[in-house]
Number of protein chains: 2
Amino acid sequence: MSLKHALLGFLSYAPMTGYDLKRYFDQSIHHFWNANLSQIYPTLSRMVEEGLLTMEVEHQEDRPNRKVYTITGVGREELQRWLREPLGLSPLRVPFLIQIFFGGSLEKEEMLARLRHHLALHQERLAAYQGPVREVLRQNVEATGLEREGFFWGLTLDAGIQCEEGWLKWCEEAIEKIEAMGDGHDE
Amino acid sequence: MSLKHALLGFLSYAPMTGYDLKRYFDQSIHHFWNANLSQIYPTLSRMVEEGLLTMEVEHQEDRPNRKVYTITGVGREELQRWLREPLGLSPLRVPFLIQIFFGGSLEKEEMLARLRHHLALHQERLAAYQGPVREVLRQNVEATGLEREGFFWGLTLDAGIQCEEGWLKWCEEAIEKIEAMGDGHDE
DNA sequence: GTACAATATATCAGGTCTTATATAGACAAC
DNA sequence: GTTGTCTATATAAGACCTGATATATTGTAC
């Protein structure tokens, strides 16, 4: 289970609450793995049962108590073990390509609209990766001083950018090909 | 729910059993959407309840009866509606990048091993897309005569290829960068 | 001729993830 | 002044998906 190991990873930097962890997810690995609080909380509880984490309650008066999670020795070992484990390729899940696959019955203009919309979404995402997302990463390296770690954080962002560039190129080529087609349902 | 619409898509070509549908999935959209039989069967049942499909049992003596599913008018309408619906970008889920992200604590050689392994997997997959997968697609177009549909089937395969090429480039660049690093745990 | 894989069909248990809901203070908008 | 949104914390219901299991025939390997 990858979520478990992502949580171990962040908790190997410092003890945190589920809410803190969610913020780290959103800030740093959101471009290749997301998680909801409603998924993080029960997973943390399970990890305590498994001995990977310990939990301490910090009382607060004005809002719900903070449950601070700390990684155990067993947790660190498990993280190290998993980091060395060879993983297969993760299957893709792209609903948009289902629309394309069965798009034979749509008119040419409708298909073009779909593709142009998708192109715009990927352009936006690419711009975010190259701008604000890269910037947050840089700030995190500066704030923590984790130079070596930061190098690998950057690598994952490079992967996201490479991916987006691939999608952009594909969208552009697909649009060209469809524009070159005859009108209506034939070519 | 995308699975539902993928099933509607295939059933818009011809009536089929769950088992048949699984074969189509594996043959044609496997590179961007997969589904198990254990997921397909209950989904088909639900779709009958929703009025999107009808089911007829064909008795067989030597093996379990065939349950043949046929798309209804309502089902066709729902498919057409969905094909025109703008979709957001699907979030990526790449466990391998979690390993990279938290890989700062691994030795250089261990990281290189991870990346080279991953590179080989993507090379394999790219070769499959360019060879056998493309060939099966061509045969399906020939067998069905669905020229226009085949064009869109091909587009989805192009997307898969583009994606794989992006990954290959990323892996190669990452390997170069890490090789250029000093030994041990620094810089 | 016996073991193993593939074809053909399907269910069930359980794990993962999403969506909706709950509480409560602070702060901004209008 | 009240509506909305943000910070901060968490649970519950249910949808979605994976992995294991079941059965019976046909074909392949040794």
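**Close-up 1. DNA strand D and the protein around it.** Of the atoms of DNA strand D within 4 Å of the protein, 64% are sugar or phosphate atoms, and the rest belong to bases. This is a predicted model, in which local features need pLDDT of at least 70 and side-chain atom pairs count only at pLDDT 80 or more, while totals for chains, interfaces and linings use all residues; side-chain values use heavy atoms, with hydrogens and water left out. Residues are numbered from 1 along each chain as its sequence is written, and chains are lettered from A and ligands numbered from 1 in the order in which they are written. A residue is near a strand if one of its heavy atoms lies within 4 Å of it. There are 19 residues around DNA strand D, and A:Tyr19, A:Arg66, A:Lys67, B:Ser38 and B:Gln39 come nearest. By class, this surface has six nonpolar, six polar and seven charged residues. Here Ala, Val, Leu, Ile, Met, Phe, Trp, Tyr, Cys and Pro count as nonpolar, Asp, Glu, Lys and Arg as charged, and the others, Gly among them, as polar.

**Close-up 2. Side chains at the phosphates of DNA strand D.** A polar contact is a pair of N or O atoms within 3.5 Å; within protein, one must be able to donate a hydrogen and the other to accept it, and residues adjacent in sequence count only if both atoms are side-chain atoms. An N or O atom in the side chain of B:Gln39 is 2.4 Å from a phosphate oxygen of DNA strand D. Two or more residues of the surface near DNA strand D come from each of α2, α3 (37-49) and β2 (66-71) of chain A and α3 (37-49) of chain B. Helices (H or I, at least four residues) and strands (E, at least two) are DSSP runs, numbered from the N terminus.

**Close-up 3. DNA strand C and the protein around it.** DNA strand C is surrounded by 20 residues, the closest being A:Met1, A:Ser38, A:Gln39, B:Tyr19 and B:Arg66. Sugar and phosphate make up 62% of the atoms of DNA strand C that come within 4 Å of the protein. A phosphate oxygen of DNA strand C lies 3.3 Å from a polar side-chain atom of A:Asn36. The surface near DNA strand C divides into six nonpolar, six polar and eight charged residues.

**Close-up 4. A:Ser90 and chain B.** A:Ser90 lies in the loop between α4 (73-83) and α5 (95-101) of chain A. A polar atom of the A:Ser90 side chain is 3.5 Å from the backbone oxygen of B:Arg93. Contact means heavy atoms within 4.5 Å. Neighbours within four places in sequence aside, A:Ser90 is in contact with B:Arg93, B:Val94, B:Pro95 and B:Arg125.

**Close-up 5. A:Leu115 in helix α6.** A:Leu115 is placed in helix α6 (residues 108-144) of chain A. A:Leu115 counts as buried because its relative accessibility is 0%; buried means under 20% relative accessible area, exposed over 50%, and partly exposed in between (1.4 Å probe, protein chains only). Not counting residues up to four places away in sequence, A:Leu115 touches A:Phe96, A:Ile100, A:Trp170, A:Cys171, A:Ala174, A:Ile175 and A:Ile178.
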